[in-house]
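I opened my notebook beside the model today and went through it place by place. Here is what I looked up, in the order I went.

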Amino acid sequence: MVKSKSSVKSKKKSVLNRTIDFFVNSSYRAYLVGGYVRDATLGLSPVDIDVMVEGDAVKAAKEMNAKLKGKLYVYKSFGTASIIIKDERIDLATARKEKYPSPAKLPRVSPSTISDDLNRRDFTINAMAISISKENFGEIFDPFNGLEDIKKGLIRVLHKNSFIDDPTRIFRALRYKNRFNFKLEKRTKTLINEAVEKRLIKHLTGQRILNEIKLIFEEPQYHAIVKDLSDMGIFRMRKKELEQLPLFGSYRMYFYLANLNLQGLPLTAEESKIIKEMKSMKNILPKLEKASRKSSLYRILSPLSEGVIRLIPSIRPGLKNKVSTFFRLKRIKPFITGKDLKRLKFKPGKRFKTLLDKMWELQLDGRFRTKKEAEKYLKTLKK
Ligand code: CTP
């Protein structure tokens, strides 16, 4: 069902109002924060409601959910919880302080105040909060002038060690830059360049790098982000590959990964297979161009995943007919199966597979038109 904008808005408002009602009538000191404040200021409909609690956010979430009756997810060790009500999501986090043990390592966190929580953040536009507590309801906390940066369209870090502490912020900066069509503030850009020169991204775990890459490809502006990264010397792409990237539809992230050749990413077996196949395209496409027999076409394409095969015409439009032919051939049933070989008293063993493959290829190339003809041929082989 397609929801009208106004219905989405009014639903969001009611979950937001219920969140506010809960905190206004509680003794918790709580704030709308981060992405929520940023998006609302930009006039965008925030995706999630981010709430920061000075105190125990998990306890607050449990009490709140008893009233709102959504689905509660608790991440006790992080001091965070989420409540999902239909398709609305409220993220609650305990206000915290962060200390980075060494560059690119995850921080040590401890519960703290709103001021520390805003200080630990990545960019000024994400470091704003609005109180939803009774005593100072509506008070805006904007210690780094995030509102001003939103007006100016700037992505600005809070301090000079931000990218050293957490190099994933380099990816985040470029995501926000392109999502909102903002600019990198001058010093922030210099700090990114310095972090790149120091090769800090290499210190991140494969899991964190992969998370960032996945987030980039969830953005409609993924292409501009990847180009920015490449221009800044991060995961460089050749011009030709950059131009090809949009062709790869839902597989574009795999095309990107196939080009980057990064080691140590926690990919699933299926993902690794897709990437391997994408890399093999360089060798496969010339072979496919040369293939004149249907059996050769089938032999070349059948080991590949269907999704990868379907991408071939966008890379080489001239191969469109061959790909269509392949999918047509895939629907054909072989005249001769293992059962037939047994019935015709062929001895089971390794030879079975060779024989079946051979019969199948001959059938594809039109050597026989009926099962009867195929069996007749088989009998000649037995002699
Ligand atoms: N944050 C940070 N450094 C990171 C990740 C997150 O400082 N490496 C902070 C930011 O202040 C951010 C908040 O944690 O606002 C929540 O992070 P996240 O959920 O990733 O971002 P959102 O602000 O919700 O923005 P979006 O998901 O729309 O990108």
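This is a predicted model: local features need pLDDT of at least 70, side-chain atom pairs count only at pLDDT 80 or more; totals for chains, interfaces and linings use all residues.

**Entry 1: a helix pair.** On one side, K294, L297, Y298 and L301 of α14 take part. They meet K322, T325, F326, L329 and K330 of α16. Sorted by class, this contact of α14 with α16 has five nonpolar, one polar and three charged residues.

Next I asked myself at what angle the axes of α14 and α16 cross. I found a crossing at roughly 90°, with the axes coming within 10 Å. For my bookkeeping, α14 covers residues 294-301 and α16 covers residues 320-330. Angles of 65 to 115 degrees count as roughly perpendicular, and α14 and α16 are therefore roughly perpendicular to each other.

A reminder to myself on reading helix faces: with 3.6 residues a turn in an α-helix, residues three or four places apart point the same way.

**Entry 2: how covered is α14?** I checked burial next and noted that α14 is mostly covered, with six of its eight residues buried. I wrote them down as S295, S296, L297, Y298, I300 and L301. What lies over the buried residues of α14? I found that the cover includes α13 (269-290), α15 (306-315), α16 and α18 (350-364).

Entry 3: I looked at R293, which sits in the loop between α13 and α14. Is R293 buried or exposed? Its relative accessibility is 54%, and R293 counts as exposed.

**Entry 4: domains.** I noted four domains along the protein chain: domain 1 (3-152), domain 2 (162-260), domain 3 (277-330) and domain 4 (338-381). Using C-alpha atoms, I have 68 Å between the centres of domain 1 and domain 4.

**Entry 5: the nonpolar cores.** Which residues have the most contacts inside the largest nonpolar core? I got F23, V51, I90 and Y256, in a core of 97 residues. Another core lies apart from it, made of eleven residues, and I noted F352, F368, A374 and L378 among them.

I then followed F23, which is in helix α1 (residues 5-24). Its relative accessibility is 0%, and F23 counts as buried. Leaving out residues up to four places away in sequence, I listed its contacts as Y28, A30, V51, V53, A60, M64, L92 and I132. One of these partners, V51, is also named with F23 for having the most contacts in the largest core. As a distance check I took A173, which is 150 residues from F23 in sequence and 32 Å away in space, C-alpha to C-alpha.

Entry 6: N145 has a positive phi of about 60° and lies in the loop between β9 (140-141) and α5 (146-152). With a relative accessible area of 49%, N145 is partly exposed.

N261 is my other entry here, with a positive phi near 60°. I found N261 in the loop between α12 (252-260) and α13. Its relative accessible area is 43%, and N261 is partly exposed.

Terms used
Residues are numbered from 1 along each chain as its sequence is written. Side-chain values use heavy atoms; hydrogens and water are left out. Axes are lines fitted to C-alpha atoms, for helices over the stretch in contact, and angles run from 0 to 180 degrees between N-to-C directions. Helices (H or I, at least four residues) and strands (E, at least two) are DSSP runs, numbered from the N terminus. Angles under 35 degrees count as roughly parallel, over 145 as roughly antiparallel, 65 to 115 as roughly perpendicular and the rest as oblique. Contact means heavy atoms within 4.5 Å. Ala, Val, Leu, Ile, Met, Phe, Trp, Tyr, Cys and Pro count as nonpolar, Asp, Glu, Lys and Arg as charged, and the others, Gly among them, as polar. Buried means under 20% relative accessible area, exposed over 50%, partly exposed in between (1.4 Å probe, protein chains only). Domain bounds come from an automatic or database domain assignment. A nonpolar core is a set of buried Ala, Val, Leu, Ile, Met, Phe, Trp, Tyr and Cys residues joined through side-chain atoms within 4.5 Å.
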